[in-house]
Amino acid sequence: MRKYSSKKIIKILLTGFLIFSLCLCGCVSKSTENTAKYEIKIAEQYGLAYAPISIMKQNKIMEKNLLGVEVSWQQLGNTAAIREAMLSNNLDVGFMAIPPFLIGWDKGMEWKITSGLSASPIGLITYRDDIESIKDFSEDDRIALPQPGSIQHILLSMACEKEFGNAQKYDDILVTMSHPDGMNTLLAKKDITAHFTSPPYIFKELENKGMHQILSGKESMGKDFTFIVGATTQKFHDANPEVYQAFVKSLNEAIDFIQNNPEEAAKILASVYDLPEEEVLNYISQITYENKVRGLKEFAAFLSRNNYISKDVSDLNDILWEDVDYVK
Amino acid sequence: MLNDHKYIQRTFWIIVFMIIWESIALSGIFSPLLVPSIQTILYSLYLSIIDGGIIAQTLYSLNLILRGLAVGLIIAVVLSSLSMIFKTFEGLVETLITIAHPLPGIALLPLIIIWFGAGTNAIIFIIVHSVVWPMILNLLTGFRSIPNIYKQVGQTYGLNPFEIVAYIMVPASFPYFLAGIKIGWARAWRALISAEMVFGAAGGGGGLGWFIFKKRVFMDNPGIFAGLIVIVLIGILVEDFIFNKFEEMTVKKWGMTI
């Protein structure tokens with residue numbers, strides 16, 4: 001019953017060895033990148049809540065604050081993709097809501113919050129007249145939101161915890177949809193009952209007759225909170241202190257620019273988003289752009305209480321870089 | 001004998017692969033989030049099995065696949081039979097294939113949501129779309145490979161065109177038919193998983209694609225691998241126990257292939 005001659009075994013072992021060495025080659029070549037003197041890789045995201053990033057890019061603020069810096073702007077689909085790109089060191093800075101940041105931190109991502117970016121209206125919209133609060137949903141209704149674990153999902157769960165004592169109450173009637181898909185489906189009044197969304201979709205939906213908001217982010221949370229924060233990897237922060245400082249400075253300048261010159265900012269953003277200037281001005285006047293971080297403790301406590309993350313944040317220094325303006 | 005050999009080879013390569021994987025994981029070159037160790041993956045799989053989640057989701061996915069595959073199969077058989085009988089129909093089917101075959105189902109998604117909504121019907125539509133065109137291509141190739149003399153024998157016996165298709169052409173092109181089902185099955189899996197990852201769960205637990213998507217958004221990377229392992233296992237089981245058995249019972253028994 002000799003099925004394998006010694007020659008054959010050698011062949012098989014050689015093939016295995018070759019595959020293994022190819023894998024190792026991959027590891028080695030990866031660590032020899034990054035030759036530019038100063039480099040920063042930032043996730044470019046569209047949407048009004050991310051406006052300071054667009055201003056920073058368009059006005060080349062980073063380049064002014066640190067001569068010789070090479071800024072590479074990367075476009076990624078969603079929060080999960082940004083997190084994955086940061087994990088594989090293809091991205092130094094990413095922007096997202098607090099819950100996805102905390103989920104990554106809990107799973108062992110080595111990153112901390114650099115700054116707040118914006119606070120914005122966010123809410124649950126429906127067209128059904130008979131639905132006036134979250135108590136009125138039945139099993140047959142469907143609520144659309146971007147994805148489980150998103151800030152929209154967490155805010156809905158917070159409201160459910162308050163109302164019913166069960167944060168997961170509506171988890172089985174959720175539908176995952178991107179904001180534009182969710183808006184179109186809601187306006188068609190067919191497949192979904194309600195849509196948990198943020199600007200500009202929330203504004204556009206409410207412009208339609210019969211659409212009304214039954215829950216706002218502030219009602220769920222009980223106080224103001226930061227919608228989008230910027231997070232930076234430990235590796236980038238430790239290895240490039242000058243670039244990191246320049247980035248923080250530039251981000252603050254971009255935020256100040258929008259606050260102090262809303263008309264000019266609207267003009268720049270209108271060309272980026274391809275929207276009318278007045279519309280953009282109207283939208284950005286309803287969003288608060290600030291570098292302060294609010295609501296971190298509340299999100300962390302809720303997430304750990306409901307087992308979305310395995311541990312509560314005991315020391316804020318574990319998740320905030322130095323000099324972050326945290327408002328209790 | 002031949003089968004034993006195949007299983008030994010396969011086991012050997014899986015073990016080699018696992019050793020390489022585990023040594024990379026243990027070496028610490030990469031973060032455990034990028035390359036989780038095999039124990040954590042298996043533990044995550046175990047947890048998903050005991051809470052029943054992954055089993056229900058697998059059944060949900062299999063149910064959708066079988067429905068999509070059945071509909072796709074019927075459409076493919078009907079269209080390819082008709083095009084063997086009527087010449088004008090052949091032109092129509094060939095045009096349809098030229099247009100639709102290169103279109104990925106996911107690219108049609110925005111349209112599908114408008115037409116069918118975001119529920120199971122949309123997912124089944126994507127499965128049918130990804131299954132039906134390669135299956136028709138295979139069936140037509142099979143029909144055309146049949147020697148003309150078979151058809152003429154049928155005509156001499158006075159069979160009508162439908163009987164010729166049913167009694168001569170379908171059995172004679174059975175190996176192609178089987179290959180078509182195999183391709184259809186693989187295509188259906190891919191279509192289903194990608195559709196589920198986009199649609200999510202329209203209420204209830206959702207399927208395997210949804211399982212993986214959820215693991216992704218909660219950054220449970222060992223869980224992602226657990227989902228992939230289930231997909232691979234189902235693929236192997238179906239290939240070994242359904243397709244191979246079916247082949248032995250039909251084309252091999254009939255002496256059509258070796």
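This is a predicted model: local features need pLDDT of at least 70, side-chain atom pairs count only at pLDDT 80 or more; totals for chains, interfaces and linings use all residues.
**Entry 1: chain A overall**

I began with the secondary structure of chain A and counted 14 helices and 13 strands. Next I looked up burial: 53% of the 328 residues of chain A count as buried. For the accessible surface of chain A I have about 15100 Å², and carbon and sulfur atoms hold 50% of that. I also checked how far apart in sequence the contacting residues are. Taking the contacts in chain A with a separation of 6 or more, 76% are between residues 24 or more positions apart.

**Entry 2: two domains**

How is chain A divided? I noted domain 1 as 38-120 + 227-327, and domain 2 as 123-221. Between the centres of the two domains of chain A, taken over C-alpha atoms, I have 25 Å. The domains do meet: 21 residues of domain 1 of chain A are in contact with 20 residues of domain 2 of chain A.

**Entry 3: strand β1 of chain A**

Is strand β1 (residues 38-44) of chain A largely enclosed or open? I found six of its seven residues buried, so the rest of the structure largely encloses this strand. Its partner on my page is strand β2 (residues 69-75) of chain A; the two run parallel and are joined by seven bridges. For a handy landmark in this pairing, I picked Lys41(A), which stands opposite Ser72(A) in β2(A).

**Entry 4: Gln147(A)**

I then went to the loop between β6 (143-145) and α6 (151-164) of chain A, where Gln147(A) lies. Buried or exposed, I wondered about Gln147(A)? Its relative accessibility is 11%, and the cut-off for buried is under 20%, so Gln147(A) counts as buried. Which residues does Gln147(A) touch, leaving out those up to four places away in sequence? From chain A I listed Asn78(A), Thr79(A), His153(A) and Thr176(A).

- I found a cis peptide bond between Pro199(A) and Pro200(A), with omega at about 0 degrees. Pro200(A) sits in the loop between β8 (194-197) and α8 (201-207) of chain A.
- Lys60(A) is not a glycine, yet I read a positive phi of about 50 degrees for it. I placed Lys60(A) in the loop between α2 (51-58) and α3 (61-65) of chain A. With 49% relative accessibility, Lys60(A) counts as partly exposed, since exposed starts over 50%.
- Asn307(A), also not a glycine, has a positive phi of about 65 degrees. I found Asn307(A) in the loop between α14 (296-305) and β13 (326-327) of chain A. Asn307(A) has 68% relative accessibility and so counts as exposed.

**Entry 5: a patch on chain B**

Last, I turned to the surface of chain B. Which residues form the nonpolar patch there? I wrote down Tyr43(B), Tyr46(B), Leu47(B) and Ile50(B), which together have about 440 Å² of accessible area. I followed up one of them, Leu47(B), and found it in helix α2 (residues 38-50) of chain B. Leu47(B) has a relative accessible area of 38%, so I marked it as partly exposed.

Technical notes:
Residues are numbered from 1 along each chain as its sequence is written. Chains are lettered from A and ligands numbered from 1 in the order in which they are written. Side-chain values use heavy atoms; hydrogens and water are left out. Patches are made of residues with over 30% relative accessible area and no salt bridge: like charges are joined within 9 Å, nonpolar side chains (Val, Leu, Ile, Met, Phe, Trp, Tyr) within 5 Å. Accessible areas come from the Shrake-Rupley method with a 1.4 Å probe; for residues, only the protein chains shown count as cover. A salt bridge is a side-chain nitrogen of Lys or Arg within 4 Å of a carboxyl oxygen of Asp or Glu. Helices (H or I, at least four residues) and strands (E, at least two) are DSSP runs, numbered from the N terminus. Buried means under 20% relative accessible area, exposed over 50%, partly exposed in between (1.4 Å probe, protein chains only). Contact means heavy atoms within 4.5 Å. Two strands pair if DSSP finds at least two bridges between them. Domain bounds come from an automatic or database domain assignment.
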